[in-house]
Amino acid sequence: IYSADGATVATGGLDTTVWLWRAADGKPLYILCGPNLWSIESLCFSPDGNRFLSGGRDDKRKAGVWEWTLPGLAAQPCEAGPTPVELQGRRLSLEGVEKADTLQVASDGQRLFAIFEDSIRVYNATGDSSHALTVPAQSCDTACFSPDGGRLITVSNGSNDVDVRDTATGALCLKLYGHNHYILKLTLSPDSRLLASADSRGRICVHSLCNWTPA
């Protein structure tokens, strides 16, 4: 994943750390470590580049969210030395999130959602806070936020349709159609103006985020 200015790339996986690299030449800048962090599921730079968030699992396989402060990276990327600088982060205290099946941080770095067996919880990711919203969902497979964070876009297990919900209230605002088979994946375009949904038979539908209709 790239930072907002495109100068830094973040990678993470099962090696218990997140690496930040200088995009221009691939030199490592930082190694991000966190208390009990074991695996990485999602990565996100804050829009100003001063914070970094990761959703993942701890050494007991419980879900969690870790946060790092990136000193000076946004204003003046550091020179890559012979070894990257190690930064220790902190684990955010978010009520109930450790039982989540999946965690995803929004691109604005302000929200994240946690998928549970029977619901989706939307959390504020700006500090230690309890969940702000619970949306009932039947075995949700995939989800993402709209560009402004005002809509939560979800697909339930085995569904052919995309549900668009109000992030503030959880109310169902709209359904997006176009698939005859169950949807496996949702993704936003780089400019966040289009939503693509892909189903089990290889069909991809592209929806405009301007009016929430198929493009």
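# A tour of the aromatic pairs and their surroundings

The structure holds three aromatic pairs. Rings of Phe, Tyr and Trp (its six-membered ring) count as a pair if their centres lie within 6.5 Å; planes under 30 degrees apart are stacked, over 60 edge-to-face, and the rest tilted. This is a predicted model, in which local features need pLDDT of at least 70 and side-chain atom pairs count only at pLDDT 80 or more, while totals for chains, interfaces and linings use all residues. Residues are numbered from 1 along each chain as its sequence is written, and side-chain values use heavy atoms, with hydrogens and water left out.

**Stop 1: the whole chain.** Show the protein chain as a cartoon. The chain has zero helices and 20 strands. Both are DSSP runs numbered from the N terminus: helices are H or I with at least four residues, strands are E with at least two. Of its 215 residues, 47% count as buried. Buried means under 20% relative accessible area, exposed over 50%, and partly exposed in between, with a 1.4 Å probe and protein chains only.

**Stop 2: phenylalanine 45 and phenylalanine 52.** Select both side chains. A pair of aromatic rings is described by the distance of the centres and the angle of the planes. Here the centres are 4.9 Å apart and the planes stand at 80°, an edge-to-face pair. Phenylalanine 45 is buried, at 5% relative accessibility. Phenylalanine 52 is buried too, at 0%.

**Stop 3: tryptophan 68.** Phenylalanine 52 belongs to strand β5 (residues 51-58) and tryptophan 68 to strand β6 (residues 63-69), so the pair ties together parts that are 16 residues apart in sequence. Both residues are buried. Show Phe45, Phe52 and Trp68 at once: they form one aromatic cluster.

**Stop 4: arginine 61 and tryptophan 38.** What lies over the face of tryptophan 38? Arginine 61 does, at 3.6 Å from the ring centre. A charge sits over a ring if NZ of Lys or CZ of Arg is within 6 Å of the ring centre and within 35 degrees of the ring normal.

**Stop 5: glutamate 95.** Go to the loop between β8 (90-91) and β9 (102-105), where glutamate 95 lies. Is glutamate 95 buried or partly exposed? Glutamate 95 is partly exposed, because its relative accessible area is 48%.
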